Structure formats: structure tokens, C-alpha cells
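Let's take a walk through this one together. Have the sequence and the 3D view open side by side.

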Amino acid sequence: MSVPLYEAKAELFRLLGHPVRIRVLELLQVRSMQVRELLAEIEVEATGLSQHLAVLRRSGMVTAQREGSTVVYALAGGGVAELLRAARELLTQKLSGQNELLGELLAEKLDSGAR
């Protein structure tokens, strides 16, 4: 029995619902990285990072390639970077709207104080 598309999408967003996973994806958007490099950039214990990387790997969002004794992680495809860009765009629009509202509130406060 297949899962409805809306449930599959919800599962994808649940998967992305942890700040460490988002940070890993953002870093890997710039370049492939070894675990020690990711640890240097993210405030998380090695075991926690390992668990998050495993989730991202199982979901197909990142790939892992062994180079000697180290493992190098990379984004699995352009779709992940596209999703991160879309999230940034949505947040920018949301915050822009909040700035406009703040400006209106401040202007209203100034107008009422001038009376």
C-alpha cells in the first residue's frame, strides 16, 4: 500500500525538523565535508552528529563516500539545495512583512505622540 503524497511530504518536513540537520545541509551546500569539519562548524557531540548524518543518508539527502580512513559527506542532488533556497526565500518574505508591520507601528506611535 503506497503512502499518500501529503503524508510523504509531511515525513520529509519532519525529517528536516531538526536544526542540526538543516545546518549540515547548509554546510554541504557550500562544499563536501568530512565529519571532523562538520563537527568544527556545528555545536553538537560526535555521536549526535553521526545519528543526524545517518538519518540524512537513509533519506537520500546526503551521500557518504569513504576516502581512506575518513568519510566525506555531500548533498545528494540539486533538489536539496533548491529546497534550502526556497525556505530562505519564504523566511525573507515573512520577515520583510514583519518589518513593514513594525514600521507602521512605529509610525503610528510617533503620530500619536505628536498630538
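Start with the record: UniProt, in an unreviewed entry, places the feature "domain: HTH arsR-type" at residues 1-95. UniProt positions follow the numbering used here, with feature names shortened, and annotations may be inferred rather than shown by experiment. Keep in mind that this is a predicted model, where local features need pLDDT of at least 70, side-chain atom pairs count only at pLDDT 80 or more, and totals for chains, interfaces and linings use all residues. Residues are numbered from 1 along each chain as its sequence is written, and side-chain values use heavy atoms, leaving out hydrogens and water.

Across residues 1-95 the chain is 64% helix and 15% strand, with 41 Å between the end C-alpha atoms. Helices (H or I, at least four residues) and strands (E, at least two) are DSSP runs, numbered from the N terminus.

Which residues line the largest pocket? They are Phe13, Leu16, Ile22, Glu26, Leu83, Leu84, Ala86, Ala87, Arg88 and Leu90. Helix H2 (19-30) and helix H5 (78-114) are the elements that each give two or more of them, and H5 supplies the largest share, 6 residues.

How values were computed: On a 1 Å grid over the protein atoms alone, a cavity is a set of points where a 1.4 Å probe fits but cannot get out, and a pocket is an open set with protein on both sides within 12 Å along at least five of seven lines; lining residues have an atom within 4 Å of a point.
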